[in-house]
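Here is a walk through a single model, from its charged pairs to its helices, its core and its sheet. Keep the coordinates open while reading.

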Amino acid sequence: MRSIISLIFTLVLCLCSHAQVNKLKREKPDLEKLRLETLDSKSPYYYPRLMQEFQRNDTLMKIDKYRHLYLGYMFQEDYNPYRSNQRDIKYNVLTSSNQLTRQECDSVISYAEKALADNPFNLGEMVMLINALRQKGKTNLANIWQYKLNYLLMAIVSTGTGEDEENAWYVIEPQHEYVLLNMMDYTVDDHVFYDPSYEYITVKDSEGKSKGGFYFNIGPLLQEYYRKHPDEL
């Protein structure tokens, strides 16, 4: 599993060292403890301050803060894991081998920036924004967004190994499952839901060979969604 995690960040041009990735501690999050820390104005993880750091492109933020930022978003009033997107994003389309015109880059950048202003954890748009910025030669800005994406992916990976239900990865939006697996150079093959709240996604590699699958825990996501939308039960 260590090699898989290293692969994730090699593929996304990780700005942090491989030593940091290999030392990444993976453990099931204590969500109640995390919730209280993000609500405590005296805590280093107080959510409004974390979001301010994130939005001002602070590259001093590390995995502990990103873990609280990512998972803590579930407890914010504007959180909605099923908010609709205006377009169906294919996350593995805009790779370095797909060259865009300058006009196409401008269009991607403009839309992605608006989408991320509405939802700061729209990881699919973040991938597309990074690729468009790189193709326009805006390397420094692309690197800042790459840093954010890397650490958000690490926040997901830090919640487990994905190998079984007990060690399932936690996500705050269903689309993040696909972004993560695409960034691991996998293509999603099938998707199965297991009671009470697990998703198992089987994958294929770039040659179309089956590579097993990964477990995701969407229980907290569903709990928060139904708390805010009881009519959907």
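A salt bridge here is a side-chain nitrogen of Lys or Arg within 4 Å of a carboxyl oxygen of Asp or Glu. By that rule the count comes to 10 salt bridges. The model is a predicted one, and the distances below are computed from it.

Start with Lys28. Lys28 forms a salt bridge with Glu166, and the closest N and O atoms are 3.0 Å apart. Lys28 sits in the loop between helix H2 (18-22) and helix H3 (31-39), while Glu166 sits in the loop between H8 and strand S1 (169-170), so the pair ties together parts that are 138 residues apart in sequence. How accessible are the two partners? Lys28 is partly exposed, at 44% relative accessibility. Glu166 is exposed, at 54%.

A second bridge joins Glu27 and Lys25. Here the closest N and O atoms are 3.8 Å apart. Glu27 has 38% relative accessibility and counts as partly exposed. Lys25 has 58% and counts as exposed.

The side chains of Glu224 and Arg227 meet at 3.0 Å, N to O. Both belong to helix H10 (residues 219-228), and being three residues apart they are separated by about one helical turn. An α-helix has 3.6 residues a turn, so residues three or four places apart point the same way. Arg227 is partly exposed, with a relative accessible area of 48%.

Now turn to helix H7, residues 123-135. The buried residues include Leu123, Met126, Val127, Leu129, Ile130 and Leu133. Among them are also Glu125 and Asn131. What covers these buried residues? The cover includes helix H6 (102-118), helix H8 (139-157) and helix H9 (175-183). Just after H7, Gly137 takes a positive phi of about 85°.

Next comes the nonpolar core. The largest one has 59 residues. Within it, Leu69, Tyr70 and Phe121 touch the most other members. H8 gives the most to this core, with 11 residues. Look closely at Leu69. Leaving aside neighbours within four places in sequence, Leu69 is in contact with Tyr47, Leu50, Met51, Phe54, Met61 and Phe121.

Aromatic rings come next. Ring pairs link Phe54, Tyr66, Tyr70, Tyr73, Tyr79, Phe121, Tyr147 and Tyr151 into a cluster.

A pair of aromatic rings is described by the distance of the centres and the angle of the planes. The count comes to 14 aromatic pairs. One of them is Tyr200 with Tyr215: the centres are 4.5 Å apart and the planes stand at 40°, so the pair is tilted. Tyr200 lies in strand S3 and Tyr215 in strand S4 (residues 210-217), so the pair ties together parts that are 15 residues apart in sequence. Both tyrosines, Tyr200 and Tyr215, are buried.

Four strands form an open sheet in the order S1-S4-S3-S2, with mixed pairing. S1 and S2 are the edge strands, and each pairs on one side only. How do S1 and S4 pair? They run in the parallel sense, over two bridges. Trp169 stands opposite Phe216 in S4.

Tyr194 stands opposite Tyr198 in S3.

Finish at Thr202. Thr202 is in strand S3 (residues 198-204). With 18% relative accessibility, Thr202 counts as buried. Which residues touch it? Leaving aside neighbours within four places in sequence, Thr202 is in contact with Thr187, Val188, Asp189, Asp190, Gly212 and Gly213.

Technical notes: Residues numbered from 1 in each chain as written. Predicted model: local features only at pLDDT ≥ 70, side-chain atom pairs only at ≥ 80, totals over all residues. Heavy atoms only, no water. Expected span 1.5 Å × (residues − 1). Buried < 20%, exposed > 50% of the residue type's maximum accessible area, 1.4 Å probe, protein only. Contact = heavy atoms within 4.5 Å. Pairing = 2+ DSSP bridges. Core = buried A, V, L, I, M, F, W, Y, C linked by side-chain atoms within 4.5 Å. Phe/Tyr/Trp six-rings, centres within 6.5 Å; stacked < 30°, edge-to-face > 60°.
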